[in-house]
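The sequence and structure come first.

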Amino acid sequence: MATRFPIRGCSHKSDRHRWRRAETSRRSCPLRTVPAQPGSYVQALLPDSKEESLKTLLERLGEGDLLICDGALGTLLHTKGLAARECPESWCISHPELVQGIAEAYIEAGADIVETNSFGGNPFKLRAYGFAERCGEFNRAAAALAKRAITGKGYVAASVGPTGHILEEEGGDVTTAQLSAAFAEQAVALAAGGADAICIETMASIREAVQAIRAAKQNTQLPVICTFTFNPGAKGFRTMMGVKPDQAALAALDAGADVVGANCGNGIASMIEITGQMRAAAPRTPILIQANAGTPVIEDGKTVFLETPEYMASRVAELLQAGANVIGGCCGTSPAHIRAMAAAVRASQQAHPRKTHDDQCTRTL
Ligand SMILES: [Zn+2]
């Protein structure tokens with residue numbers, strides 16, 4: 001059984017503010033966030049009540065709970081009218097009710113965790129739309145909308161995607177300091193908006209992921225999730241930068257991630273294999289998996305995803321067996337997919353009484 005530690009320097013004293021150490025030796029309180037400015041747009045969105053009865057995300061995972069994350073966001077925004085060349089994150093300001101409504105649809109479908117509409121919310125990507133100086137505003141609003149939807153029912157995992165730039169040492173055009181500053185600006189704003197965790201996702205480069213994880217850890221008190229995107233190849237699964245699942249998991253942990261995993265790029269069958277490789281490398285770390293609804297295919301000139309809610313749900317038991325602790329969806333998934341997979345997870349929990357995370361680890365070792 002892992003030792004539980006009180007949180008040093010945290011003003012919260014009760015047991016619910018204690019959390020178990022993962023495979024690295026970090027201490028912080030997941031509930032401490034940068035407060036919103038009084039009278040600000042973000043504070044107006046934040047609910048008045050504190051979630052005194054809700055355990056933290058890491059407490060739930062440490063107790064062996066299996067959790068459900070939400071599904072695709074971008075595709076739903078497009079169905080609601082987001083234009084192809086429009087900045088998705090700007091909708092947190094221009095269409096807040098639609099953005100919040102998507103989170104509410106996923107919560108109604110059974111999600112314990114919702115992500116924020118901030119995947120491309122780093123200053124590099126926002127610059128392409130002329131919005132670089134609105135990074136703080138967009139990200140605070142993104143977190144606040146998700147928080148308002150899920151307060152008292154679950155957690156906000158604030159989405160942080162790649163910058164779209166490659167580091168100089170990997171042949172690109174940005175420095176470590178530039179990446180670090182960009183990720184820090186985004187993470188601080190997401191924390192100020194009420195995020196419960198930072199979810200760094202769709203990563204391909206270990207170096208970029210490490211900068212994002214460190215920036216989140218050093219500039220917020222939030223737990224950090226980091227998931228990579230792998231593609232199948234002759235030598236097995238690799239990211240676009242050639243990183244294997246076990247390498248990605250270990251590098252993310254070493255940089256300070258509390259939860260590792262994979263998202264996008266694959267349907268659920270490939271994710272079972274990827275999960276197994278990550279679990280073997282990181283036996284005691286919670287793993288989050290968000291599969292696409294299959295690999296995209298072009299039908300009548302449109303990109304479509306063919307894995308049905310029923311099919312994805314039918315593979316959930318194998319995904320859990322491989323070691324997943326949190327299951328959501330990525331491109332092509334909908335509230336219907338999340339509802340079906342949530343039911344499969346709940347059924348699995350009932351069929352196999354809950355074990356603590358350490359019990360699971362003993363089994364997988
Ligand atoms: Zn995706």
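## Core

A nonpolar core is a set of buried Ala, Val, Leu, Ile, Met, Phe, Trp, Tyr and Cys residues joined through C-beta atoms within 7 Å. Buried means that 20 or more other C-beta atoms, placed from the backbone, lie within 10 Å of a residue's own. The model is predicted: local features need pLDDT of at least 70 and side-chain atom pairs count only at pLDDT 80 or more, while totals for chains, interfaces and linings use all residues. Residues are numbered from 1 along each chain as its sequence is written.

The largest nonpolar core has 111 residues, and those touching the most other members are A197, I198, I200, I213, I225, A252 and M341. Helix 7 (residues 135-150) supplies the largest share of this core, 10 residues. Beyond four places in sequence, I213 is in contact (C-beta atoms, placed from the backbone, within 7 Å) with I200, V224, C226, A252, A255, G256 and A257.

## Overall make-up

The protein chain has 15 helices and 12 strands, taken as DSSP runs numbered from the N terminus (helices H or I, at least four residues; strands E, at least two). Of its 365 residues, 52% count as buried.

## Helices 5 and 7

Helix 5 (residues 96-109) packs on helix 7 at about 45°, with axes 9 Å apart. Axes are lines fitted to C-alpha atoms over the stretch in contact, and angles run from 0 to 180 degrees between N-to-C directions. Residues of helix 5 that meet helix 7 include V99, A103 and I107.

Notes
A residue is buried if 20 or more other C-beta atoms lie within 10 Å of its own, exposed if 12 or fewer, and partly exposed in between; C-beta atoms are placed from the backbone. Two residues are in contact if their C-beta atoms, placed from the backbone, lie within 7 Å.
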